[in-house]
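Open the model in your viewer and keep the selection panel ready.

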Amino acid sequence: MPDPDVNNPPSPATSSASPESAPASRWLLNSVLESIQDGIYVMDTQLRLVHLNATARNFIANSYPGGKTCYEAIVGADKPCDFCPCLKTLADGEVRSYRYFNPIFKRWFELHSFPVRNLETNSIDYVVERVTDIDEQVRREAQLERQKKIINAVLNASPDGIIALVQGEKMPFANAAYGDIFPGWEAVCHHDQPVEEVEELFKKALINYQEHLALVASLRATRQETRGISYLRDGRIVEAVGHVVKIGDGDLEAEIWSLHDITARERQEKKLRAQKELIDAILDATAEAIMAMVDGVPMPFANAAYGKLFPGWEDIYRYNQSLDDIRAFFNRHLFDADEQLSLIARVRTDGEQRGLVHLRDGRIVDMHGRLVKINDRDAEVWTLRDITERMRYEQTLEVMIDRISVPICRVDAAGNFVYVNDSCVPFFGCADAGELLRQPVITFIKLDAFAASPAGWREFWKILNARRKLDAAGFAARRDGAATPALFNLELVELGGEKMLTICIQDLTDQTRRIAAEQAATAKALFLANMNHEIRTPLSAVINIADLLRRTKLTAKQQKFADLLRTSGNHLLSLVNDILDFSKIEAGKMEIEKIDFDLPATARSVIEMLKLRAAEKSLILQYSSGRRIPKYLRGDPMRLRQVLVNLVNNALKFTATGGVKIKVESVATAPDNCSLKFRVIDTGIGIPADRLDRLFKSFSQVDTGTTRRYGGTGLGLAISKQLIELMGGEIGVTSEEGRGSEFWFVLPFTPAAAAVATGAVKAAVAPLKLTAPILVAEDNDINQIVIGEILAQANLPHQIVGNGREAVEAWRKQEYALILMDCQMPEMDGWEATRQIRREEAGVSPMPPIPIIALTANSSREDAKLCLSAGMNSFLSKPIAPDELIAKIRQFTAPDA
């Protein structure tokens, strides 16, 4: 078969036409093919090119392949491409399309292959391939695809849910946030979806799904912007906004919905609404009327109380109302509306104003206005308080002040009296108030705070303006020339818009005398306290040395001397204690405790304390109690013991033969209280009947002979009587000269619920051994010897320093088992030394605090509290009993022994 002419191929369309028409048809076909902008290739069944139009020739550089196949001529291959659409068209007669990128032209082309069938045999004689240059289209499509991806990324990044339903398109567009709100929307959100399925989608996600459906229906019906609030079942709140927009230049429309999460905003607004309601409720509940006018807001705010003062204010009190209308409104409620209008005008220029307005119903209102900033806008805030009752009270008070016994006056800014009450007239020695009014205050009042001159007064007025209140001491100058000491209470007040000084005068004449007396009493108390310390310190040393001496090997005569020395020292110590107790009672500083205690144990402690003295005189000392007496009581065991010791000691002193008995009897008993009678009965010399009234008086005894023979200060019974009365009881005596005496007292107690400790010192059961020495801080040389000897006899290692500073330094350098700390020492006392040690211990947490026991010549509760508050663990009073000291050391160094 000869090669076909690629420029003059047979015409399939005219192959059966008449010979005359064939040339014309061929010419027409060639013309049409040449005019087509796409490349047209005609191939036979072997894929050899039989015809190419102009565009196709341009694709192969205007060459004429002359019988070459399409793959040889176009792509330069020696075999058909795997994807060759022409082969597929030859195989099944179907039209094929294919896009490809031509590496030679570096452009995109689209191929379409069509079969050309023989009309007689219906076989495929040729294949026509149309090649279209789609490079620009592909690039535009790629650009659109990139833009679409960017838009999708932006929309998916948006926290708002967005969906767009385009007219004519089945599937809408929605971003990720919309899918988060309505999971599964792809299955139901398109134009031809049944309404029931859309309702079910919204019903699963929304609480108010019906309202959301109504929004959608409203947008489609009105084609206008639609918005509403939707409440999700997961707790979120979204604002749905719908729009209908035009797409392109045509009539294509799209419904676009955006759903913005306003959960936080709604909650905040709800909170703000609740706060506003609360504030409104508080303001409405307050008795003061409040009104605020904010610049730019037509309607001011006012609470309920303001509405009661000015009913109907909402209709008239607006920024756009005329001044005449406002004046007419207030004239209906006030006697003079210009009072209020003037205040309003002044506050806008001055920033703050205050004044009184009078209502027609008789009430008086105090108005206070201020300019403030609210969100960078000017606002006037007015508070109106009904002071009708207060004004009436002040008028009544004015009358009372006129009649009060305390001198009170007022002074104006010029320094002149403008008001004096009735008491000022005699106080300043005047005949009437006219002698004081309009007179300079500096003539009559001499204050240390300002000089007696007009210039000094002006300087003083400046001080008052800053401080408002001042108390000043000085003198009141009387007309007769006398000077009265006084305290002046000064206060700057504002009355009727004018500043005035109110002066209240306190006459200090009696107080000056009382202060002098108190100072004398204080000096006396200080003297007694110092003398107590100075006497007890050497006395304690005498008693302790006598004790130490008695513990050594002595001859009988030396033992007797030591016993006498100890007895005399204890007697002298008892006298000192009596004087101290008496001074405390006289000064009103004696305190009575209320603690639980063991009554029999307390009584036995008195017996144990005095049994040696009774034995020295061969006297019998006994204690007994009646039935139904509680063992445990609540009261002051120390003061009870002190009274019993005083009475028993006194009985032993005046008894030569026989003995002394302590008896306790019940006077009255109840579940919550009981009264007990204590009797101290002796077989002594007795007391004459005409001398019994002297017994309980201070510094008084039966007679001077008794004083010389038996000794004493005459304070023991007086102190006992005062202690009994402080505890709420009474004391008395019955006696017969030559037959003995009975001293008795009755005290109220409260039964204690449980057993209490007796306070007895725990006996040592084994020698005390310490791994570290004891540090002793004592400045008195004799006391150093005494304490050192007591510790040496107990085989306890120790070191002695002379003051608190040396004690702190020694503690820093060495470990000690315990510190015995005297309180009153030079350079640094024991209290400050203890505080210093405790501060340094606090800075080193692993360090256990060292036990510190105070050694004090004073034995009062105040001294005990002072020791404990300084950080000491316990205290011992001088003179120090050796057994008691060793027991106290054992308590804090071997507590389980």
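Which residue forms a salt bridge with Arg363? Select Asp361: the closest N and O atoms of the two are 2.8 Å apart. Bear in mind throughout that this is a predicted model. Arg363 has a relative accessible area of 25%, so it is partly exposed.

The structure holds 35 salt bridges. Select Arg236 and Asp180 next. Their side chains meet in a salt bridge, 2.9 Å from N to O. This pair links distant parts of the chain, 56 residues apart. Arg236 is in the loop between β8 (226-231) and β9, while Asp180 is in helix α6 (residues 176-181). Colour both by accessibility. Arg236 is partly exposed because its relative accessibility is 21%. Asp180 is also partly exposed, at 46%.

Move to Arg478. A salt bridge joins Arg478 to Asp480, with 3.4 Å between the closest N and O atoms.

Now select Arg99, Glu110 and Glu141 together. Salt bridges link these residues in a network. As background, side chains of opposite charge can pair when their charged atoms come close.

Which residues gather in a patch of negative charge? Select Glu196, Glu197, Glu199 and Glu200. Zoom in on Glu196, which sits in helix α7 (residues 195-205). Glu196 has 58% relative accessibility and therefore counts as exposed, the threshold being over 50%.

Go next to Trp27, Leu28 and Val32. Here the surface patch is nonpolar, and the three residues together have about 340 Å² of accessible area. Val32 belongs to helix α1 (residues 22-35). Val32 is partly exposed, with 41% relative accessibility.

Hide the surface and select Thr602. Is Thr602 buried or exposed? Thr602 is buried, because its relative accessible area is 5%. Its place is in helix α19 (residues 599-616). Display the backbone of Asp598 as well. The Thr602 side chain reaches the backbone oxygen of Asp598 at 2.8 Å.

Then pick Glu239 in strand β9 (residues 237-246). Glu239 has 17% relative accessibility, so it counts as buried. How far apart are the C-alpha atoms of Glu239 and His260? They are separated by 5.1 Å, with the residues 21 apart along the chain.

**Two positive phi angles**

Last, check the backbone torsions. Most residues other than glycine have a negative phi. Select Ser618: although not a glycine, Ser618 has a positive phi of about 60°. Ser618 is in the loop between α19 and β23 (620-625). With a relative accessible area of 63%, Ser618 is exposed.

Finish at Asn795. This residue is not a glycine either, yet its phi is positive, about 55°. Where is Asn795? Asn795 lies in the loop between α23 (781-793) and β30 (798-801). Asn795 counts as exposed because its relative accessibility is 67%.

Conventions: Residues are numbered from 1 along each chain as its sequence is written. This is a predicted model: local features need pLDDT of at least 70, side-chain atom pairs count only at pLDDT 80 or more; totals for chains, interfaces and linings use all residues. Side-chain values use heavy atoms; hydrogens and water are left out. Patches are made of residues with over 30% relative accessible area and no salt bridge: like charges are joined within 9 Å, nonpolar side chains (Val, Leu, Ile, Met, Phe, Trp, Tyr) within 5 Å. Accessible areas come from the Shrake-Rupley method with a 1.4 Å probe; for residues, only the protein chains shown count as cover. A salt bridge is a side-chain nitrogen of Lys or Arg within 4 Å of a carboxyl oxygen of Asp or Glu. Lys and Arg count as positive and Asp and Glu as negative; His and the chain ends are not counted. The place of a charge is taken as NZ of Lys, CZ of Arg, CG of Asp or CD of Glu. Helices (H or I, at least four residues) and strands (E, at least two) are DSSP runs, numbered from the N terminus. Buried means under 20% relative accessible area, exposed over 50%, partly exposed in between (1.4 Å probe, protein chains only). A polar contact is a pair of N or O atoms within 3.5 Å; within protein, one must be able to donate a hydrogen and the other to accept it, and residues adjacent in sequence count only if both atoms are side-chain atoms.
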